[in-house]
Amino acid sequence: MTRSILSLGKISRTYKVGPVSTQVLTDVNLDLSRGDMVSIMGPSGSGKTTLMNTIGLLDRPSSGSYHLNGHNTAKLKDNALSKLRNRQIGFVFQSFHLLSHLTAAENVALPLVYRGIGRSQRMNKAREYLRLVGLEGHAAHHPDQLSGGQKQRVAIARAVIGEPAVLLADEPTGALDSKTATEVLELLKQLNSEKLVTILMITHDIQVAYECPRQLRMKGGTLVELNTGKSDGEPLPAEPLLANAHA
């Protein structure tokens, strides 16, 4: 039996503002193994962003268990969580989040800075990962010299350079034209199949969701597996969900 690389058990998250409590996540369960590629869909307000922040160790759940690559995150203090996030989680965002004053190679190398790796070693590895995503000739370029698709490739290289357990991709094709979006998706699929990178992707694009072997949907704070053939599964929605909405 394959050991889960990520396991959520009855995760709930409640926010309290004064006397008002709002429950955003309710008893969320999820198990991912190495090499899984999973999409999460859901309308605005369904809890997708809260779930992604929880998985990304940016927010703590109110209750439930979260184990990441053998670590019980509930037992870790903030500093330990930050170190675990740096080593085990890679992030890709719709808006890239590249630093404009750094070159492509310097942006890719950033996660290694926080690990204390020397400049020469981390820049060599950054150039290696730029080759991996097809940008070997762009190492010295700044973000404003790159197209949207190239920026996203840089962001993907940055996310995987530290060989994280899980790559979290929040609308990675949302800011791209259809041709470039297809190219970026093919790159993610290549990393998944050849490098066994575990990918969890939020998307509102039904076609992108179909490209993932597993599809999940956030529904009123709960996570539902889609199209599994099980009696408790749900079919994939026929129409794309509301574009550019965030929850």
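This is a predicted model: local features need pLDDT of at least 70, side-chain atom pairs count only at pLDDT 80 or more; totals for chains, interfaces and linings use all residues.

Q: How many contacts beyond four places in sequence does the model have for residues 238-247?
A: There are 29 of them for residues 238-247, although pLDDT stays under 50 there as well.

Q: Okay, and what is the mean pLDDT of the chain?
A: The mean is 90, with 91% of the residues reaching 70 or more.

Q: Which elements have the lowest and the highest mean pLDDT?
A: The lowest among the elements belongs to helix H7, residues 206-210, with a mean of 91. Strand S4, residues 63-68, has the highest, at 98.

Q: Let's talk helices. At what angle do H5 and H6 pack?
A: Helix H5 (residues 148-160) and H6 pack at about 20 degrees, and their axes are 10 Å apart. An angle under 35 degrees counts as roughly parallel, so H5 and H6 are roughly parallel to each other. Their crossing is right-handed.

Q: Which residues meet there?
A: From H5 you have Gly149, Gln152, Arg153 and Ile156. They meet Thr180, Glu183, Val184, Leu187, Leu188 and Leu191 in H6. By class, that contact has five nonpolar, three polar and two charged residues.

Q: Staying with H6, is Asn192 buried or exposed?
A: Asn192, which lies in helix H6 (residues 178-195), is buried, because its relative accessibility is 10% and the cut-off for buried is under 20%. Leaving aside neighbours within four places in sequence, Asn192 is in contact with Gly35, Asp36, Met37, Val197 and Ile199.

Q: Now H3 and H4. How do their axes cross?
A: Helix H3 (residues 104-113) and helix H4 (residues 119-132) have axes that come within 8 Å and cross at roughly 120 degrees. That angle makes H3 oblique to H4. The crossing of H3 and H4 is right-handed.

Q: And which residues make the contact?
A: On the H3 side, they are Ala104, Ala105, Glu106, Val108, Ala109, Leu112 and Val113. H4 brings Arg119, Arg122, Met123, Lys125, Ala126, Tyr129 and Leu130. The residues of this contact divide into ten nonpolar, no polar and four charged.

Q: Switching to strands: where is Leu200, and is it buried or exposed?
A: Leu200 sits in strand S8, residues 198-202. With a relative accessible area of 0%, Leu200 is buried.

Q: What is Leu200 in contact with?
A: Beyond its neighbours within four places in sequence, Leu200 is in contact with Leu30, Leu32, Val38, Ile40, Met52, Ile55, Leu167, Leu168 and Ala169. Also, the C-alpha atoms of Leu200 and Gln215 are separated by 9.8 Å, and these two are 15 residues apart along the chain.

Q: Last topic, backbone angles. What is phi for Lys10?
A: Lys10 has a positive phi of about 50 degrees, although it is not a glycine. Lys10 is in strand S1, residues 6-17, and is exposed, with a relative accessible area of 55%.

Q: What about Glu163: what is its phi, and where is it?
A: Phi of Glu163 is near 50 degrees, a positive value in a residue other than glycine. Glu163 is in the loop between H5 and strand S7 (166-170). At 57% relative accessibility, Glu163 counts as exposed, because the cut-off for exposed is over 50%.

Note on methods
Residues are numbered from 1 along each chain as its sequence is written. Side-chain values use heavy atoms; hydrogens and water are left out. pLDDT is the predictor's confidence in each residue, from 0 to 100. Helices (H or I, at least four residues) and strands (E, at least two) are DSSP runs, numbered from the N terminus. Contact means heavy atoms within 4.5 Å. Buried means under 20% relative accessible area, exposed over 50%, partly exposed in between (1.4 Å probe, protein chains only). Axes are lines fitted to C-alpha atoms, for helices over the stretch in contact, and angles run from 0 to 180 degrees between N-to-C directions. Angles under 35 degrees count as roughly parallel, over 145 as roughly antiparallel, 65 to 115 as roughly perpendicular and the rest as oblique. A crossing is left-handed if the near helix is turned anticlockwise from the far one by less than a right angle, and right-handed if clockwise. Ala, Val, Leu, Ile, Met, Phe, Trp, Tyr, Cys and Pro count as nonpolar, Asp, Glu, Lys and Arg as charged, and the others, Gly among them, as polar.
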